[in-house]
Amino acid sequence: MSENFVERARYLCSLGGAAATVTALSGGIPILHSASGCAGNFAWTQNGGSGLQVGGYCGGLTVPSSNIQETEVVFGGEDRLREEIASTLKVMKGGLYVVLTGCVPEVIGDDIFAVLNDFRGEGVPIIGAVTGGFRGDSYWGYDLVLQALVKDYVAKGAAKVKGRVNLWGVVPYMDPFWRGNLEGARHLLELLGLEVNSFFTSADTLAGIREAGSAELNIVLSDLYGQGAAQVFQEKHGIPFVTTSLPIGVSASEAFLRQVGAALSLDPELVQQVIDREKRHYYQILEPLTDCYNDLDLQRYAVVVGDANYAVALTRFLADDLGWLPVLTVVTDRVHESGQPAIATRVERLASGFSTNVVFESDASQVLGHLNRVWPRAAGQKYYNSFSPAFVVGSSLDRELALQLGAPHLSVSFPVANRAVLDRGYTGFRGGLRLAEDVFGQIVANR
Amino acid sequence: MSYFDNKVPPKREDRLNAVIAHQDSICGLARKGKGGKSCLIDDGERGFTQGTICLLLPALAMLNSLPDNVVLLHSALGCGSCTHSQNANVRMGSNARRGKAQDGIWLSTALDETDVISGGEDKLERAIIEADRRYRPASITIVAGCVPGIIGDDIDGVAQRLQSQVSAKLLPVHCEGFKTKIWATAYDAVYHTIGRNLLVEKGVAEYTPQDELEVLREQERLARTVNLMNVSSMGRVDEQELERLLASLGLEVNVFPVFAHPDSFVKATRAALSISTCPTHDDYFLGYLEERFNVPSIIKHMPIGIENTSLWIRDVAKVFGFEEQAERLIAAEEAELREALAEFRPLFQGKKVFVSAGEFRALATARLLQEIGLEVVGIRSFHHDHFAEVEYEKLAREAKTDYVVDIANVQPFEEANLLNRLKPDLFLGHANGNMTAAKLGIPTHVIYNTGLAYIGYRGVYELARRLHRQLSNPAYNRNLAENLRLPYSDAWYEAEPFSYLNTRGRSVNE
């Protein structure tokens, strides 16, 4: 990982993540207070990275934006923002308007809250978040929007309702499989009889989000994404939270259900019944693959390259569910050193007993170097334990590595330029089956 | 003094009086052109605006294509993430030209809060040195986004300081998005650094020929070598069509600047002629080639459509005295094409079309659509400057009605309102710009895609063929319209489409 630059960053800036997050809310209208190019940059990025998904009800080039210029840099942009909000309310039909700032107005010191509080005073459903690009990446932008929702939109003082939970930690568009992954995790919770607000699925509504303060537990499917919001939720609404990894596949789903069950003090027998039923179903489906799994020798060495959610969850799935050998796990987020152990320990104690090597590296061109350190290259020996047969699960940027290794490849983590993703998801028991289909499908593509 | 003597190129609103907010009609703009006044349109302002792009995006589309170049963005983390989609073009383009799909390399100094306060020049210096060592590129384009423009980082100074310490050529490019509202300034920004840094071969001794015959041959070859100026929205398939036409006039072709190797630009100074394919794209650079290296240029028509392609060829032929040859070529090409188009015409007859894109592309494509039998009922040009006058005249000449021209940097809300009134049968829009029409149920087609043919005679046929395909089954968009709604209020569809034009309390021209 370079200290001086990020190569082909696998994320946008915080404004980019924030805008995508608001677009993903039912009836959400982002209002950018930024230079004119930010929205277009996000649309182009999603076009190339989010599995062919660009925008939604109000995303892409449709988002209102103050498009500030040199004049505002000199005189300030608050008047322009006020005008833009007032016009937006006339032109755009939305349920919640969210003002998001870019670099330029922040550097010049515009105060968006001074402006939008006037509108709030008139009863307009509008909130704001300070998301200038230099503040962090798109995952942080997602967190900032959730924090704003929790602070300024979720109703305060709601009575807690037993069996009601909030779920987040999967970032819209940054995880191209966000819809499916949220739905898969939500489905797991519903198996336990829970009532779930997950913010961004088609089952979620703004009204449901307003009531989110009535939940008895928050579940964050990520060691990084949405952790800030979990803290704010706890402070403002007194709701505790549990952090889990993204439950991809049978082993992770089982652990997820047990963890949530324990946090909510659910009847362990009920949890066990659910797990037994789902596993029975899972293995019934997996059963007919057994011949070909053996005949075609479908076990693989693997390199996993992904964001903090995926790197962990994919490694675990490959090792514990498929019985593969993921020898290198590359976490592509720029995780502060203090945050690295929490992520690394998740793949250190795998149920299968297999252990991978975790590195934190954002730059695609450096992954081969890491692999060479983990698995030394041949030095002309007659007998050499080669890194073969291999598979690369990563992003479309990691195709180059797969080519160099002569290995098949599957894009899962952002950017996914070479797959069309709508609501496919890998979470839950069934998600594991989807992922198994996709990786085995790549191996046998030329069969 | 040339613009190229300055560190930063001028913005187009200053250099060309280009505008982005104006309501007019086809005849209105054509008339203004004839009176020589259209370049004097005062730019407007909108009181409601939607997000668009900035000059950084088209600049990166060019820079990412350069082989052996590393793009180093000096900005906040997100600037340049658009490259994730442009990279598809880089892969496809490198595969078409060099037989191997290759990813671009783009880096970001990812300026953070500390850098905003204490400046980012040190970080940039370290990034340049590391990039030079890690990738060993022929060039590093140092591209400034908004933040360095506000905090005052001097990318030219850094490049100058470091040039002697690195092996890559350092090319500063100014793309501070808030400084210009005309994205086409991007082309000037890229050409500016090419002009300042890549046109003089450094460290090469004077060419001393040994063999007189070789000298003569070389001179003869150069006398019929032309610079064909491509654009990043043009695929290899389009270049091949133009190369084919120029080769049939006996000309040798060098293609610049997109996908040209940084070391090859010096060749542009030795050609007999430069030929633009898009006047919006090239005037800044071709003017400089003419002024500094005496390479004359043609910058008038965009070879999209039958008439425009033929005019483009005629202009080139005239320079070399190949008029007769050109007329024979044109006659044969046009006859063959018209015959081939006959099968598509019945479906196009009486169908109305709305076109939206960068000004020249939109206008030249509109002309093409007229030629294949469609009726143009509206145009949205992303900006306006005087280069397009000739195109407005061509369109007005053939217009059935005095239809609307919306000068707007995208602004789909105006488009939704207009389309809802005009109800066209077909819409052609820019990349990421067909969504509004599609959700209204109008058959749509993208106005550029580097994998598809649009240019020359071949482009006319292929575009007609694709439009015929779209119109043969528009169910996809129809289904969208029946089941989705755009995010505009009902009141907005009832309001005048230009309600927000010039409602701002002030004007940039004050």
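Helices (H or I, at least four residues) and strands (E, at least two) are DSSP runs, numbered from the N terminus. By that rule, Thr101(A) has its place in strand 3 (residues 96–101) of chain A.

This is a predicted model, in which local features need pLDDT of at least 70 and side-chain atom pairs count only at pLDDT 80 or more, while totals for chains, interfaces and linings use all residues. Residues are numbered from 1 along each chain as its sequence is written, chains are lettered from A and ligands numbered from 1 in the order in which they are written, and side-chain values use heavy atoms, with hydrogens and water left out.

**Two buried residues of chain A**

Thr101(A) counts as buried because its relative accessibility is 2%; buried means under 20% relative accessible area, exposed over 50%, and partly exposed in between (1.4 Å probe, protein chains only). The side chain of Thr101(A) is joined to that of Glu106(A) by a polar contact of 2.7 Å. A polar contact is a pair of N or O atoms within 3.5 Å; within protein, one must be able to donate a hydrogen and the other to accept it, and residues adjacent in sequence count only if both atoms are side-chain atoms. Beyond its neighbours within four places in sequence, Thr101(A) is in contact (heavy atoms within 4.5 Å) with residues including Leu15(A), His33(A) and Ile112(A).

Pro415(A) lies in the loop between strand 13 (409–411) and helix 18 (428–443) of chain A. Pro415(A), at 1% relative accessibility, likewise counts as buried. Among the contacts of Pro415(A), leaving aside neighbours within four places in sequence, are Arg10(A), Gly48(A) and His84(B).

**Helix 4 of chain B**

His84(B) is one of the buried residues of helix 4 (residues 83–98) of chain B. The buried residues of this helix pack against helix 2 and helix 17 (399–405) of chain A, together with helix 3 (56–63) and strand 3 (105–108) of chain B. Just after the helix, Gly99(B) takes a positive phi of about 75°.

**Domain interfaces**

Domain bounds come from an automatic or database domain assignment. Chain A is divided into domain 1 (14–152), domain 2 (164–282) and domain 3 (296–416), and chain B into domain 1 (52–197), domain 2 (212–336) and domain 3 (345–494). Buried area is the accessible area (1.4 Å probe) that two parts lose on being put together, summed over both.

| Interface | Buried area | Share on carbon and sulfur atoms |
|---|---|---|
| Domain 1 and domain 2 of chain A | about 2,100 Å² | 70% |
| Domain 2 and domain 3 of chain B | about 2,300 Å² | 64% |

In domain 2 of chain B, Ser233(B), Ile304(B) and Glu307(B) lose the most area to domain 3 of chain B, together 24% of what that side buries. Two salt bridges are found across this interface of chain B, a salt bridge being a side-chain nitrogen of Lys or Arg within 4 Å of a carboxyl oxygen of Asp or Glu. Glu307(B) forms a salt bridge with Arg397(B), the closest N and O atoms being 2.9 Å apart. Between domain 2 and domain 3 of chain B, 14 residue pairs are in polar contact (both at pLDDT 80 or more).

Between domain 1 and domain 2 of chain A, the rule finds zero salt bridges, but 11 residue pairs are in polar contact (both at pLDDT 80 or more). Helix 7 (138–152) is among the helices of chain A that each supply at least two residues of the side of domain 1 touching domain 2. Helix 7 of chain A gives the largest share of that side, nine residues.
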